[in-house]
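Here is a short tour of one model, taken a few residues at a time. Keep the viewer open and follow along.

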Amino acid sequence: MRTFEKLADLAACVGQEVAVSDWVTITQEQVNLFAQATGDHQWIHVDAERAKQGPFGAPIAHGFLTLSLLPVFFESSMAVTQSRMGVNYGLNKVRFTAPVPVGSRLRARMTLLASEPIENGGVQMTWSVRVEREGVEKPVCVAESLVRRYP
């Protein structure tokens, strides 16, 4: 966990890889709950027996499930002591570049691309996030995430 005292300390890291998150294991239960929450019950995610015969040889996580882990990755890897809150402001780019079989362990590498002042003394940060699957060279997701933080 990397800790910054103030938002300005974090903003000084533009252009740098700031943090690498903890590993998160993807379970079939998570995939099933995500399917229930989103209504995406495609068999490659929720039918383990059929998925064994499918193109990936096993059930895989939804791409949007992988993307929804971004807050977990940020929270496990960095903190700003003098920041009362952060909010997801959106995404500029997202690509799901490889499948995530159930049982995979994922982590993210976060590089701060930009930090701009916003109202109420806050900052809007643009992050390059590369989600990695343990033991695999190619990332499973690459995203440009916008986060707003306030003192």
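L112 is buried, with a relative accessible area of 0%. In this predicted model, L112 sits in strand β6, which spans residues 105–117. Which residues surround L112 once those up to four places away in sequence are set aside? They are L10, A11, C13, V14, G15, Q16, V18, M125, T126 and W127. One of these partners, A11, is 101 residues away from L112 in sequence, yet the two C-alpha atoms are 8.1 Å apart in space.

T81 is exposed, with a relative accessible area of 54%, and belongs to the loop between β4 (78–80) and β5 (85–95). Leaving out neighbours within four places in sequence, T81 is in contact with T3, F4 and E5. From T81 to N32 there are 49 residues along the chain, and their C-alpha atoms are separated by 36 Å.

The two C-alpha pairs can be set side by side:

| Pair | Separation in sequence | C-alpha to C-alpha distance |
|---|---|---|
| L112 and A11 | 101 residues | 8.1 Å |
| T81 and N32 | 49 residues | 36 Å |

Now for helix α2, residues 28–38. Which of its residues are buried? V31, F34 and A35 are buried in α2. These three lie on the same side of the helix, because they cover an arc of only 105 degrees around the axis. The face turned away from that buried side carries the exposed residues E29, Q36 and A37. Among the elements that cover the buried residues of α2 are α3 (43–46) and α5 (63–68). Just after the helix, G39 adopts a positive phi of about 80 degrees.

What does V131 touch, not counting residues up to four places away in sequence? Its contacts are T66, L70, F73, L106, R107, A108, P139, V140 and C141.

Terms used:
Residues are numbered from 1 along each chain as its sequence is written. This is a predicted model: local features need pLDDT of at least 70, side-chain atom pairs count only at pLDDT 80 or more; totals for chains, interfaces and linings use all residues. Side-chain values use heavy atoms; hydrogens and water are left out. Buried means under 20% relative accessible area, exposed over 50%, partly exposed in between (1.4 Å probe, protein chains only). Helices (H or I, at least four residues) and strands (E, at least two) are DSSP runs, numbered from the N terminus. The arc is that of the directions from the helix axis to the C-beta atoms. Contact means heavy atoms within 4.5 Å.
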